[in-house]
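Good morning, and thank you for coming.

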Amino acid sequence: MKNCLFCRIANKEIPSEVVYENDDILAFNDINPQSPVHVLIIPKTHISSLNQIDHTNSEAALKILEAIPLIAKKTGIFESGYRIVSNCGVDGMQSVDHLHFHVLGKRLMKWPPG
Ligand code: 5GP
Ligand code: ZN
């Protein structure tokens, strides 16, 4: 997607602080961190949100799940714990329409969320 911010980050047209990368996914630091560790994980192919996951592209979601423990180890939150969030749509307050998972850690998370 030409004008998608996260496609442009995935293509390295826009720089990011890469935490982890493989052929299918990119993980990079959020520009406006909400916790001491705040990493975004995206598929390199464009998927707009969780709503667009189906049998043709769910492999990308699986790759993201597989990367989570690796990213947790790399950022020092494997033992202490963390929260994974994927905001979807208006009520979910999704602001970038390219599927992404927030990895939040190094502080105690509130539950339930606000
Ligand atoms: P959402 O609100 O859609 O769940 O999450 C989008 C996230 O992308 C936000 O946490 C926001 O700070 C982050 N973000 C927006 N633009 C950029 C950018 O250009 N670079 C990086 N690294 N993060 C961004
Ligand atoms: Zn995109």
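How are the donor residues of the zinc ion (ligand 2) spaced in sequence? Their spacing is C-x2-C-x38-H-x51-H. This is a predicted model, in which local features need pLDDT of at least 70, side-chain atom pairs count only at pLDDT 80 or more, and totals for chains, interfaces and linings use all residues. Residues are numbered from 1 along each chain as its sequence is written, chains are lettered from A and ligands numbered from 1 in the order in which they are written, and side-chain values use heavy atoms, with hydrogens and water left out.

The zinc ion is held at 2.0 to 2.3 Å by Cys4 (SG), Cys7 (SG), His46 (ND1) and His98 (ND1). Donors here are N, O and S atoms within 2.8 Å of the metal (3.2 Å for Na, K and Ca); water is not among the atoms, so sites may look incomplete. The angles among the four donor atoms are 105 to 117°, and the site is tetrahedral, a term that requires four donors with all angles between 85 and 135 degrees.

I turn now to ligand 1. Around this ligand are 16 residues, of which Asp30, Asn87, Ser95, His100 and His102 come nearest; a residue counts if one of its heavy atoms lies within 4 Å. An oxygen atom of ligand 1 lies 2.9 Å from an N or O atom in the side chain of His100, and a polar side-chain atom of His102 is 2.8 Å from an oxygen atom of the ligand. Taken alone, ligand 1 exposes 520 Å², and the protein buries 82% of that (Shrake-Rupley method, 1.4 Å probe).

Notes: Four donors count as tetrahedral if all angles lie between 85 and 135 degrees; four count as square planar and six as octahedral if opposite donors are over 155 degrees apart and all others between 65 and 115; anything else is irregular. A polar contact is a pair of N or O atoms within 3.5 Å; within protein, one must be able to donate a hydrogen and the other to accept it, and residues adjacent in sequence count only if both atoms are side-chain atoms.
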